[in-house]
Amino acid sequence: MEQEDSPTKPGLVTRLHTRGAQRYQKFLDDIVPLTAVRWIAASVIAILYCLRVFNLQGWYIVTYALGIYILNLLIAFLSPKIDPALEALDSNDEGPELPTKANTEFKPFIRRLPEFKFWYNITRAFLIAMFCTFFEIFNIPVFWPILVVYFIVLFVITMKRQLKHMIKYRYLPFTHGKRRYQGKEDSGPNVGQ
């Protein structure tokens, strides 16, 4: 028996899956710079989901799980990639860090969860939750006001902790570059004229 040295051609399903994955990745790559369009589309999907849940009067557990997931994404979006609290404990000088004094060099805020991944995960979560609303098995009867109150309490406590962390380590996740300071205007006579 002779063995062939040439690799075998992938099957039809594998080729279709690879081609579909490549097209999907190209689509994602093409919409990266379209921030406003992406967030408008995500908002439309979120509104459609809310209208569906409101009209069906159910799927509150799915909505609660969606809210908890989005809260976790928001915390990751607002948090620095390298936590200053852990950096102070380690005291390693590896990688970028946030400035802690006014005279330190500016270092940009690097998010733990970048904006594109934040958008992608939120959009995917709303689409999965919308998909779940088509199946009665996910419509678990609960007293929804308790879920709303619990979510609000959880949101307030979590955001309070995040804001305290931001104030303690002096970082703001919404900066747009290095500050530019204006010099004093020269009101004296020009020398050499």
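Q: What makes I140, V142, W144, V148, I152, F155 and V156 a nonpolar patch on the surface?
A: In this predicted model, these residues together have about 590 Å² of accessible area (Shrake-Rupley method with a 1.4 Å probe, only the protein chains shown counting as cover). They are called a patch because that term takes residues with over 30% relative accessible area and no salt bridge, joining nonpolar side chains (Val, Leu, Ile, Met, Phe, Trp, Tyr) within 5 Å and like charges within 9 Å; a salt bridge is a side-chain nitrogen of Lys or Arg within 4 Å of a carboxyl oxygen of Asp or Glu.

Q: Why is I140 called partly exposed?
A: I140 has a relative accessibility of 42%, and partly exposed lies between buried (under 20%) and exposed (over 50%), with a 1.4 Å probe and protein chains only, so I140 counts as partly exposed. The residue sits in the loop between helix 5 and helix 6.

Q: Why is T133 called buried?
A: The relative accessible area of T133 is 2%, and therefore T133 counts as buried. T133 is placed in the loop between helix 5 (115-132) and helix 6 (144-168), and, leaving aside neighbours within four places in sequence, T133 is in contact (heavy atoms within 4.5 Å) with Y49, R52, V53, L56 and W59.

Q: What makes the pairing of the T133 and R52 side chains a polar contact?
A: The two side chains come to 2.7 Å, and the term asks for a pair of N or O atoms within 3.5 Å, where within protein one must be able to donate a hydrogen and the other to accept it, and residues adjacent in sequence count only if both atoms are side-chain atoms; the pair therefore counts as a polar contact.

Q: How do you know that the span of helix 6 agrees with its 25 residues?
A: Helices are DSSP runs (H or I, at least four residues), numbered from the N terminus, and the expected span is 1.5 Å times one less than the number of residues. For helix 6 that gives 36 Å, and its end C-alpha atoms are 36 Å apart, so the two agree. Helix 6 has buried residues, namely L147, T158, M159, Q162, H165 and M166.

Q: What covers the buried residues of helix 5?
A: The cover includes helix 1 (12-31), helix 2 (35-56) and helix 3 (60-78), and among the buried residues of helix 5 are F118, W119 and F126.

Q: Which rules stand behind these values?
A: Residues are numbered from 1 along each chain as its sequence is written. Local features need pLDDT of at least 70 and side-chain atom pairs pLDDT 80 or more, whereas totals for chains, interfaces and linings use all residues, and side-chain values use heavy atoms, leaving out hydrogens and water.

Key. Helix = DSSP H or I, 4+ residues; strand = E, 2+ residues; numbered from the N terminus.
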